[in-house]
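Subject: Handover of a structure with its ligand

Dear colleague,

Please find below the structure that I am passing on to you. A short account of the findings follows it.

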Amino acid sequence: MQIRTKIAIQFTIIIAAILIIFSLAIYYTSENFRKQEFYNRMYDRGILTAKLLKELKITEKDKKKLRDANKTILTKLNAEKVLMFNDKNELVYGSYEADSILFSPEFLSQVRKRKYYETSDWENQAIGTMFVDEDKKSYVVFVTAQDKYGKEKLRNIVNTLIISFLIGISLTVVLGIIFAGQSLKPIAEMNQEITNITAYNLKRKLNTGNNKDEIAQLAINFNLMLARLEKSFELQKSFVSNASHELRTPLAAIKSEIQIALEQDRTIDEYKSILKSLLNDNQRLIQLTNGLLQLAKSESNDNSLVMKSTRIDEVLFKVQEEMLSLNANYEVLIDFEEIPDDDKWVSTLGNEALLLTVFNNLIDNACKYSKDFKAEVRIRFDEKNCSVAIKDNGIGIPENELSRIFEPFYRSQNVSKYRGHGIGLSICRRIIDMHRGKIEVKSEVGEGSTFEVILPHL
Ligand code: ADP
């Protein structure tokens with residue numbers, strides 16, 4: 001079911017319920033008022049008749065005249081019957097002539113007990129009341145009548161209420177559909193705009209209308225999401241082109257080396273040296289593809305990653321050992337600012353293999369970009385975090401490039417003669433993000449750089 005129809009139906013149900021409640025209230029108040037007014041008129045009629053009978057001392061002969069007068073006067077009620085009984089339950093006056101008038105003594109004693117009594121059935125209303133004459137004699141006056149006029153009026157009210165209800169509901173349905181349609185129009189328009197957005201025109205934005213209401217907010221958020229998607233599409237595109245460019249360079253080098261080697265016959269030593277050079281290029285290729293693979297893995301936000309309590313200092317010592325065994329000229333010094341009393345202060349909830357990658361990259365960079373091939377690692381901790389600063393006295397990074405070195409494939413201007421592909425730091429940042437940590441850098445060209453990794457400890 002369309003939301004428009006749903007809103008119109010809900011709207012109609014609410015209005016119908018309100019109209020029904022009001023109509024019932026009007027009906028019951030009118031009906032009570034009519035009944036009460038008619039009881040009052042019957043009471044007046046009863047008392048008037050009794051007064052005429054007793055105060056004018058109407059004799060038995062005049063009773064017929066009173067009856068006739070009663071029948072003709074204008075204020076006479078419809079189907080009116082007035083009866084009057086004395087304290088012996090004898091009928092002293094009846095406004096109509098009948099062979100016998102049957103009356104229950106039980107009812108008379110009820111009236112005497114309560115002084116006033118009223119009752120009604122579908123057609124008739126009746127009251128019984130006490131009347132005391134000048135001689136202190138008490139009588140029960142009983143009046144019945146039919147409120148034809150009042151009921152007619154009530155029927156009119158009911159008809160008016162039913163017609164108003166039907167008109168009200170029909171109007172509500174029509175207006176409900178129109179208003180719901182109008183309020184949902186911006187959503188329908190937005191839908192239309194969204195269907196026109198594809199992967200090739202992510203630059204298109206939705207109309208944000210008045211920029212204030214909920215629908216405008218939805219459009220604004222949608223536009224922000226489009227912007228994020230566009231950015232990640234662009235990153236993806238540049239990643240693919242950068243990656244293929246990086247892969248092409250060593251492959252082209254290998255190809256030209258082989259072509260040159262094949263141009264003429266070579267000695268065994270020459271072949272050996274060519275093969276060695278090819279092996280080196282091949283090694284570079286393997287390193288590069290491993291780096292790309294790691295980057296792709298870290299981008300995929302793998303939730304299945306095992307995170308467990310990991311000692312940061314132990315990871316650093318492992319990196320130090322591995323690095324020194326592979327690069328005899330490197331020097332890696334590890335130092336604590338303060339000896340931890342508790343292992344928790346230097347432990348984090350992390351993945352050891354990934355943290356090894358981070359520190360391996362940072363320490364390797366520190367040695368690689370320094371003349372003395374030396375990295376100084378300092379471990380610090382406070383109430384919340386454990387941080388590792390990796391300092392070198394190397395070439396440094398130009399200030400205007402500091403914000404870009406974490407982008408995939410970005411390399412600063414001053415490193416062209418150093419090996420590398422510009423992937424390591426982007427991997428580091430992604431891994432540190434996954435550990436809810438931070439990575440910061442301070443550097444001065446010609447003086448050296450300090451990379452600081454801040455991780456929440458246990
Ligand atoms: P790579 O070192 O392979 O080029 P990275 O992603 O590790 O890639 O580093 C990106 C860039 O950041 C480097 O090319 C270099 O310009 C700069 N950089 C990183 N570490 C240092 C450092 N310790 N000293 C100077 N420059 C650095």
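At least two residues of the shell around the ligand are supplied by each of α8 (352-368), α9 (424-434) and β12. Of the elements, α8 gives the most to this shell, with 3 residues. Please note that this is a predicted model.

The surroundings of the ligand

There are 20 residues around the ligand, and those that come nearest are N365, Y369, R411, S412 and L425. By class, the shell divides into 9 nonpolar, 8 polar and 3 charged residues. The ligand takes up the space of the largest pocket.

Several contacts with oxygen atoms of the ligand may be of interest when you inspect the site. N365, which is one of the nearest residues, has an N or O atom in its side chain that is 2.7 Å from an oxygen atom of the ligand. In the case of H421, a backbone N or O atom lies 3.0 Å from an oxygen atom of the ligand. For G422, the distance from a backbone N or O atom to an oxygen atom of the ligand is 3.2 Å. On its own, the ligand has 520 Å² of accessible area, and the protein covers 97% of this area.

Strand β12 (residues 448-456), which supplies at least two residues of the shell, is joined to strand β11 (residues 438-444) by 7 bridges. The two strands run antiparallel, and K438 stands opposite I454 in β12. Together, β11 and β12 form a hairpin with 3 residues between them. In the turn of this hairpin, G446 has a positive phi of about 85°.

A second hairpin

Strand β1 (residues 81-85) and strand β2 (residues 91-94) also run antiparallel, and 3 bridges join them. Within this pair, M84 stands opposite Y93 in β2. The hairpin formed by β1 and β2 has 5 residues between its strands. Its turn contains N89, for which phi is positive, at about 65°.

With kind regards

Terms used:
Residues numbered from 1 in each chain as written. Predicted model: local features only at pLDDT ≥ 70, side-chain atom pairs only at ≥ 80, totals over all residues. Heavy atoms only, no water. Pairing = 2+ DSSP bridges. Helix = DSSP H or I, 4+ residues; strand = E, 2+ residues; numbered from the N terminus. Near = heavy atom within 4 Å. Polar contact = N/O pair within 3.5 Å; in protein donor to acceptor, adjacent residues only side chain to side chain. Areas by Shrake-Rupley, 256 points an atom, 1.4 Å probe, with all protein chains shown as cover. 1 Å grid on protein atoms, 1.4 Å probe; cavity = no way out; pocket = protein on both sides within 12 Å on 5 of 7 lines; lining within 4 Å. Sits in = over half its atoms within 2 Å of the grid points. Nonpolar A, V, L, I, M, F, W, Y, C, P; charged D, E, K, R; others polar.
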